[in-house]
Amino acid sequence: MAVLKTFLYLLVYPGLLFLFVYSTFCEWFDRKVYARLQNRMGPTHTGRWGILQPVADFFKLMAKEDVVPDAADKTLFTLLPIVGLAVVATAGLLLPLWNPSPEAVGLISFPGDLIVILYLLSLPTLIAFLAGWSSTNLFSQIGGTRVLTMLFGYEVPLFMAVLSPAILANSWRIAEIGAFYRAKPLLLLPNLLGFVVAMICVQAKLERTPFDIPHAETEIVGGTFTEYSGKKLAFFRLMTDIELVVSSGLIAAIFLGGFGGSFVVRLVEFVVKTLAVIFVLSLIRALTSRIRVDQVVSFAWKTLAPLAVLQLLIVILIKGLLQ
Amino acid sequence: MTDQERLDSLKGALGGDILEITNPARRRFFITVDRAKIAAVLTTLRDRLGITYVAMISGVDEGDAFEILYHLAEPALGNVNVRIKISKGDPHVASVTPVLPGAIYYERELQDMFGLVVDGIPDPRPLITSDDWPAGNYPLRKDWKFERPAEIIPGGKK
Amino acid sequence: MKFNIPIGPQHPALKEPISLRMTVEGEVIRDADLRLGYNHRGMEKLAEEKNWTQNIYLTERICGICSHSHATCYVQGVEKLMEIEPPKRGLYIRYLVSELERIHSHLLWLGVAGHEAGFDSFFMYTWRDREVVMDLLEMISGNRVHYAMNTLGGVRRDLDEALIKKILDGLVVLKQRSEYYFKIGASEPTFVGRLAGVGYLSKEKAIALCAVGPTARASGITADVRRDDPHAVYDEVPFDVCTADSCDVLGRTVVRIKELMESYKICEFLLRNLPAGDIAVKAPKKAKPNEVVSRYEAPRGENMHYIKSNGTERPERLKVRAPTLANYPATIEMLKNGFIADIPLIFAAIDPCICCAERTVELVNARSGEETVVRFGDLRKLAGERFAKSPVKRNAVWPF
Amino acid sequence: MKVAVFLPELLRHLFKKPATVDYPFQKLKVPEGFRGTPFLHPDICIACRACERDCPAEAIVITQESDVEKKFKMVIHNDRCIHCAQCVDSCPTNPVKAMEMDHLYELACFDRHTLKTEWVFIRAMPKREAKPAAPAAAPLSPAK
């Protein structure tokens, strides 16, 4: 029975099925908001208000011809999308959706899961680099190097910004951080700076405008995923969508507090908070133009990193005052 | 500046190099010069009248000879067209790119379309014809005819 | 490490086929080479086989964006050859459409610049507002792209009072919107950061390489055929030649926005001073043997047609020089020492309108890494082999 | 340096009606005078072939069916037509043109043969009092 239950957890909720449904919904939401901000209609055709469009896109891609370049390392080329999807889906399990009570320490909530989720969120970037590099296409390789170059820019500020609320809460466990801020919602305010830094870094991690440099279509065609097609591309797209859900869920859990309560309330709270984060991310996407990769690195180290350090200082000072 | 003054300044600059000069419309001058002197004439026009802009080079096949026109322009002078004649037996012309670097694409086009040989051109690759374009086919010569293939509509007649 | 990247003939940044081959070191471009000939339709040869009337529509189809420019350039030349003088009202309407076309072309360019810089919201807004001028042109001429307003001896459609009112109203909206973009686009930091200092072309180089249009004007050259060699109505219309001194893509953007403002003024002037009378005179079927050089300031720069007649219904020679060809040498100069990320911006900044050649394929052989030029015939053979080996057999057969 | 200058403009549009329409389900009206596809009024046509000669796309073909009857066949190849309406301008019939343009713009189809339209008609005689239609001089009077 316990095995069956675990399978249900992994496959249905909060595992693959839930992540698939919710991430496609989030993609639809992102596309719709982006379109409406630009005075367009966005997806309209599939389902009510086009709500099934990302699902339709996914299944359409699954049915397309799958081409592997002759010169590519076939094993790596084929494995990467699956590994990528597995990594982000695992990260999705760690979201404080399922097991938010600070007492219940178990498989998917344990001290230090914050570090694990951050680590799992770094992996897709490396996978994107490997995907670009293994497809032996000039554009993919340029895209791959750009992915890595950007990684050096935003990763450190993101870690510092995400860890500062944890330092204040004195815990490395997402559920406990959530519980701490539920108890003292006013302490969310000092983390505002970190929230802004984290939002920008997540935007860069998700490779969305102004940081969509690795797959800037007008410069390097499809970028890292130029050679990918069919099922593999569908997996990569799903990976990006789940990554969007997980990172916005992480930010929502750490920076946005909450009320707690029954399962349904918690689920609604999660959905509202992540959609709010995604809305802001879409707004940034519509608001800016793509910058160059050298501008990203200098912006990250000259602006974001000092701000993140400042945030850490603020948190440490407040922590000292509280004690 | 009136057209008469422009005409005078052109005559003054080029002097004996002009074989014929006409002014058919406002700000339009057609000068005929000897083919050997084309680079020298354009250098004079550039240095003495400040004409640095070559708008295009056009050619007409006149049967036994090519008529090549260098269309130049200058804000004050208007449009100056320098004409040379090249016999088909000896289709060589000197490159003007040392004088006017912007002429390179038009000279390559001349090579493609008329089969002229531009001597001293820095980049003699074909500009618009494909790499497997059959040699000796120069589309804008009057004796080059293109047979239009019969129209085939995919799907066949109902 | 140096390597070659092919941009085009098929590339998302290019709306038309052209091949740019970049030699890059890391992200910096060291050298650039240009290959034309993917879109050559043999129009100059074809024009020799069509009569004067048919050629209006042929020249109109040289380009989709500046269709009216080529047709007008051709028509004003042929009218000189035929020695006919179009009536004033016809000329006013003809150049009103010219200016509206300049507005639509510059708005289109602004959107494309936004898209190439990855600023899609700007792209969507400018193109939405471009619809206003497209609708006006559709109301005037009956079509959105190929207006077909020109005929030998005048224009084909008249304006009535209601339409004039509509155009003036539309211009007010457009003016407001453009001023807004000028303010907003110039102060969005990520956008300006992408444009400023990119694609530098010094004034000396621009003169030497015969750059034209906004590309030249952004390098501080005050060249504008409308002022230097006023054709038809332009010596009666007050307007300024817009220039910028920054010699970069930002300068080209500023020049185009300023030109938009000038075009609104010109349109208003033409509409308010529209003379009464006929819009066209009858044109003869044949033209006496003569030759003419016709110049016209298209949105992208100077358009030049050389037309030679031989006394028949057909031209002896029609030579067309589109402004983009004149800007290619300058583009190569601009690309050197730029970043890969700036290629689409620099290339788009000359507003390329590739109406040149066809039939060759140049590609890097991905298997060996060697660069080879594959002939079209070989490529077709390769495709055939691939098709024969392919496990899935399609029953549709391509008819050629 | 200002940051996020586009923000008010973006947010303003969030709840506004979109500028685009849901095309296949919702169609915009084309203006009066839109140039669609040319068609023939076979009862007026005098078969002068002015349209055939001036058509830049060579989309109009007129053939005589039989010598005695003055019976003509006209085919408009809509797959070649460039919708310039020069045939309407060239048509010398007065006051009603034998050639006219309709307002259709959805011309896509699966088979190019379905785009051909064909008329077989007896040539109309030019009226005595009207100006004799001279095919050599196509009038260039503008369309309304």
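These are my notebook entries on four chains of a predicted model.

**Ground rules**

I noted that the model is predicted, that local features need pLDDT of at least 70, that side-chain atom pairs count only at pLDDT 80 or more, and that totals for chains, interfaces and linings use all residues. Residues are numbered from 1 along each chain as its sequence is written, while chains are lettered from A and ligands numbered from 1 in the order in which they are written.

**Entry 1: chain A**

I looked up the elements of chain A. I found 12 helices and zero strands. Helices here are DSSP runs of H or I with at least four residues, strands are runs of E with at least two, and both are numbered from the N terminus. From the N terminus on, chain A reads α-α-α-α-α-α-α-α-α-α-α-α.

Next I checked the radius of gyration, which is taken over C-alpha atoms. The globule rule is 2.2 Å times the number of residues to the power 0.38. Chain A has a radius of gyration of 20 Å, close to the 20 Å that the rule gives for 323 residues, so chain A is as compact as a globular protein of that length. I also read off the spans of its C-alpha trace along the principal axes, about 60 × 55 × 40 Å.

How much of chain A is buried? Buried residues make up 51% of its 323 residues. A residue is buried if 20 or more other C-beta atoms lie within 10 Å of its own, exposed if 12 or fewer, and partly exposed in between, with C-beta atoms placed from the backbone.

I then turned to contacts, where two residues count if their C-beta atoms, placed from the backbone, lie within 7 Å. Among the contacts in chain A with a separation of 6 or more, 80% join residues 24 or more positions apart.

**Entry 2: where chain A touches chain D**

I looked up this contact next. Nine residues of chain A are in contact with 11 residues of chain D. On the chain A side, α2 (16-37) and α11 (263-287) are the elements that give two or more residues. α11(A) gives the most, with three residues. I sorted this side by class: five nonpolar, two polar and two charged residues. Nonpolar means Ala, Val, Leu, Ile, Met, Phe, Trp, Tyr, Cys and Pro; charged means Asp, Glu, Lys and Arg; the others, Gly among them, are polar.

**Entry 3: the sheet in chain B**

I traced five strands of chain B in an open sheet, in the order β1-β2-β5-β4-β3, with mixed pairing. Two strands pair if DSSP finds at least two bridges between them. Which strands sit at the edges? They are β1 (20-25) and β3 (53-61) of chain B, each pairing on one side only. The twist averages 20° from one strand to the next.

I followed one pair further. β2 (28-32) and β5 (78-87) of chain B are parallel over five bridges. R28(B) stands opposite N79(B) in β5(B).

Two helices lie across strands of chain B. Helix α1 (3-14) of chain B lies across β1, β2 and β5, at about 160° to β1(B). Helix α3 (104-114) of chain B lies across β3 and β4 (65-74), at about 10° to β3(B). Axes are lines fitted to C-alpha atoms, for helices over the stretch in contact, and angles run from 0 to 180 degrees between N-to-C directions.

**Entry 4: chain C**

I counted 14 helices and 10 strands in chain C. Of its 400 residues, 54% count as buried.

An automatic or database assignment sets the domain bounds. Chain C divides into domain 1 (2-38 + 355-389) and domain 2 (43-349). Their C-alpha centres lie 31 Å apart. I found 12 residues of domain 1 in contact with 15 residues of domain 2. On the domain 1 side, β3(C) supplies the largest share, five residues. That side has 10 nonpolar, no polar and two charged residues.

I also checked helix α2 (52-60) of chain C. Nine of its nine residues are buried, so α2(C) is largely enclosed by the rest of the structure. Among those buried are W52(C), Y57(C) and E60(C). The cover includes α2 (50-54) and α3 (86-90) of chain D.

**Entry 5: where chain C touches chain B**

How many residues does each chain give? The contact takes 37 from chain C and 31 from chain B. The chain C side has 18 nonpolar, five polar and 14 charged residues.
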